[in-house]
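Here is a short report on how parts of this structure pack together.

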There are 2 protein chains.
Amino acid sequence: MENQDTPVPVPIPEDQPKAAEQVIDPWNVSGAVGEDGKIKPIDYVKLVEQFGTKLIDDALLERFERVTGQKPHRFLRRQIAFSHRDLEVILDKYEKKEPFFIYTGRGPSSTSMHIGHIVPFELTRYLSDVFQAPLVIMLTDDEKYLIGKNDLDVEEYEQFARENAKDIIACGFDIDRTFIFSDYGYMGGDLYRNITRISKRITRATADSCFGFTSSTNIGKVHFAAIQAATSFGSSFPEIFGTNKAQTAKIPCLIPCAIDQDPYFRLTRDVASQLNYSKPSLIHARFLDALQGPGSKMSASIDSSSIKLTDTPKQILKKITTYAFSGGKETLEEHREKGGNPDIDVPYNYLKFFLEDDDELAQIYTDYKKGTMLTSEIKKKCADVVSTFVTDFQGRRAKITDEMLDEFMKPRALKVHGQLSNTILPIVGGKSTAGKVPVADPNSKAQAKKAEKLRQIEAKKAQKAKEKEEKEKAAKGHIVTSTESAPMPNPDNSTS
Amino acid sequence: MENQDTPVPVPIPEDQPKAAEQVIDPWNVSGAVGEDGKIKPIDYVKLVEQFGTKLIDDALLERFERVTGQKPHRFLRRQIAFSHRDLEVILDKYEKKEPFFIYTGRGPSSTSMHIGHIVPFELTRYLSDVFQAPLVIMLTDDEKYLIGKNDLDVEEYEQFARENAKDIIACGFDIDRTFIFSDYGYMGGDLYRNITRISKRITRATADSCFGFTSSTNIGKVHFAAIQAATSFGSSFPEIFGTNKAQTAKIPCLIPCAIDQDPYFRLTRDVASQLNYSKPSLIHARFLDALQGPGSKMSASIDSSSIKLTDTPKQILKKITTYAFSGGKETLEEHREKGGNPDIDVPYNYLKFFLEDDDELAQIYTDYKKGTMLTSEIKKKCADVVSTFVTDFQGRRAKITDEMLDEFMKPRALKVHGQLSNTILPIVGGKSTAGKVPVADPNSKAQAKKAEKLRQIEAKKAQKAKEKEEKEKAAKGHIVTSTESAPMPNPDNSTS
């Protein structure tokens, strides 16, 4: 995952036309550039059309509130979490008390996280509290190593993963319901088995068209989509859900993520159909703009673009005062007379993310637009609200010990609704088979029978091949069968 | 690994020119096809030129015998193991009593192995006995699943791996010195860390040019080269060699394999240089021809092409009598008069592989060429020798229990020269650091300091980025840095 972490602004080569389309993919986020060379805000409605997702509308939010009995999070109320795929499916499951889980992640590219990184995790924390569902958080230290342009080695990304995990825990996740893992730490077993089931079903052409890979892309990055996809399936986590794959593959998952991650899961949903696994549902969040304004997102590597989770209130006030793009007018007189533009104003935008009170937010909008609220005033208000958020975070972060982290990262059954997660399983094939269906463990002696059966099947196949061969030999001499894998159907991403 | 397991003969489409070049790669083995539509024997000398390897010559064999004090195996004496890369490096290490290990493998595509599959393992057993070096045997159940065209699932390939491992053990491997693993069983940890170090350094273009991948190749197969490569490095096996990566990455490895696997290790050697890891050395074996003759190799899936390890002496005699391509003359009279051609004669060829006595083999060659030995006689002799080999094998195979298999497959320190393999380590940087250098374990608290250091480095980087950004902003507005991974240098395979 790469949420909220690519460097910010867009290059405008001097010798080329300045206008450019917006680019949103897992490695790039930038708004369109107009004829005037200025970056436009990201057009999220256009993204929904391009990606084939659905907007989260009032009807869906009403149903969400009715089903869960909880007021939608301010991110949902304010279209910050603005788009989804199959959220209805998850609400259906919740209504019927059928199991599902939540999956989100982060690419640990450095130890320093900023408040933009927190957005998907705050949304995830809220959803996991509302739904009381098991939660897995994937730290893609392998991906970050594979795309890293520096000379940091693998172990350094693993260390970033641990530091980031502490920040994530400080968002308030419940240790009973949450499993955090890093790819380097957890790779293998059933996760790896699913990774190959997925990678077998994605052709190079599909990966290219989905992610824009070229001949200079490294083969680790080409392959990575299968890793990010595999976490979407309950059968990747035997410690959490048990080893009955017929059931665990049918536990659906809800993925709260930033919109740039959607290409991974479009592909995942196509492959899920082929594997007869549950398709993951998604909720997509907008990016928190960089201080420099709409059309970009915060970057941890450009200090002036972001509010870091380690910043002091003084630093936060200074950054917002100095760098935050303003929708206010040039002069005090003009502002008083004509009013400001809250829609493009970064401080107002941050208040939308972090100020809980809807009425107060509406009042600020009105006052700023009328000009009765000044730029200096909205910046001060924003700094106060963000500082409170960050200070609260820092208080929780200071209490996270290595022992707590180890406990969060231990593969284990989670506790939900007072029950162990490996005892709450979907009903497959008409009746619940929890703990009843034997698992194909290739190391068990019980598999000897199966091996014998396979041997017989092969003997038959060999016999058939022999007959075929002799027939054809008689007709025209030697024939061949290539062992090159069959090209897989190219999934139609636009329809998923 | 795909040794000795692709179906045999070459397709000759009716509507195309019949002549074709020989094709040898990890998935295809076929001799050239002449203008007459006939398959020619594989031209191994041409392969050596194409691949850039070296022939194993008399001087090298003399040195081998001098250094090891052992008579070279009949495969080495008869140019069956005919080619190598850096075998001298391994002999140097052996002379200096410096550590190295041996690596070979198999792609478990079915439960039924044939005598052709045994060739690299017989060579490996001999080398591991002569060198008394640790040995790792990789069963690429993941590869076989990824390229499989049937609808077998992952667990079935894992079962094939276990069945094949029993056959391999029956070749006579020493449990003290041998670790057998399947990719599904062992994937993760330091093996996976090395896999990403390798995959980061192979571009899609390099993989394409090395393996002939196309846009319809699945991304699992595209990525697999990194997996097969990672086993070449001691640092992938902390249980065997310990966790001091500075040392374990410098333990060289010798890979006995069939020649079709060379492309993987050409790539591996290039990447090893970039990683400052030891380059693997190789010994390449020829293929055991299919019964149908030179220019093909045995296939387990075409019964009439191969002698199975489960065949009875009666079946073996029948197969050789019925199917074995003969270099004898059409009639008894003509054969007596003009003599046979042992060079293209399959029974003679098999005797070269399986008859130990050099003088007896030479006598057979002479007698058959003169016509004093008849086709029926050489076929009978061949069937006897092969039957003895197979019957002996079956006797050992019957004694392999699941418990023994589990012991071979347990990650552990091996015993060589009466010592544990994790105590025999190369001297790195002037002095042996066995057990002294702390390992970067990201889970240890001692890493906290390192994290702090990293944090400081990043803070500096951020500061620099900030300065750069502000400077450039002042000059021309926003700039961007792409996080797309840098294209890796395209290794020049021809020089490795």
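## Domains and helix packing

The model is a predicted one.

How much area is buried between domain 1 of chain A and domain 2 of chain A? The figure is about 1,700 Å², and carbon and sulfur atoms give 59% of that area. On the domain 1 side, Arg74(A), Arg78(A) and Ile115(A) stand out: they supply 39% of the area that domain 1 of chain A buries against domain 2 of chain A, more than any other three residues.

Now the helix pairs. Two packed helices are described by the angle between their axes and the distance between the axes.

| Helix pair | Axis angle | Axis distance |
|---|---|---|
| Helix 9 (residues 189–199) of chain A and helix 11 (residues 219–230) of chain A | roughly 125° | within 8 Å |
| Helix 9 of chain A and helix 7 (residues 154–169) of chain B | about 115° | 10 Å |
| Helix 10 (residues 204–211) of chain A and helix 14 (residues 262–275) of chain A | roughly 145° | within 10 Å |

Start with helix 9 of chain A and helix 11 of chain A, whose axes cross at roughly 125°. That angle makes helix 9 of chain A oblique to helix 11 of chain A. The crossing of these two helices is right-handed. Helix 9 of chain A contributes Leu191(A), Asn194(A), Ile195(A), Ile198(A) and Ser199(A) to the contact. Helix 11 of chain A contributes His223(A), Ala226(A), Ile227(A), Ala229(A) and Ala230(A). By class, the contact residues are 7 nonpolar, 3 polar and no charged.

Helix 9 of chain A also packs with helix 7 of chain B, at an angle of about 115°. So helix 9 of chain A is roughly perpendicular to helix 7 of chain B. Here Arg193(A), Thr196(A) and Arg197(A) meet Val154(B), Glu155(B) and Glu158(B).

The last pair is helix 10 of chain A and helix 14 of chain A, with axes crossing at roughly 145°. Their crossing is right-handed. Which residues make the contact? Thr206(A), Cys210(A) and Phe211(A) come from helix 10 of chain A, and Pro263(A), Tyr264(A) and Leu267(A) from helix 14 of chain A. The classes are 5 nonpolar, 1 polar and no charged residues.

Note on methods
Residues are numbered from 1 along each chain as its sequence is written. Chains are lettered from A and ligands numbered from 1 in the order in which they are written. This is a predicted model: local features need pLDDT of at least 70, side-chain atom pairs count only at pLDDT 80 or more; totals for chains, interfaces and linings use all residues. Side-chain values use heavy atoms; hydrogens and water are left out. Axes are lines fitted to C-alpha atoms, for helices over the stretch in contact, and angles run from 0 to 180 degrees between N-to-C directions. Helices (H or I, at least four residues) and strands (E, at least two) are DSSP runs, numbered from the N terminus. Angles under 35 degrees count as roughly parallel, over 145 as roughly antiparallel, 65 to 115 as roughly perpendicular and the rest as oblique. A crossing is left-handed if the near helix is turned anticlockwise from the far one by less than a right angle, and right-handed if clockwise. Contact means heavy atoms within 4.5 Å. Ala, Val, Leu, Ile, Met, Phe, Trp, Tyr, Cys and Pro count as nonpolar, Asp, Glu, Lys and Arg as charged, and the others, Gly among them, as polar. Buried area is the accessible area (1.4 Å probe) that two parts lose on being put together, summed over both.
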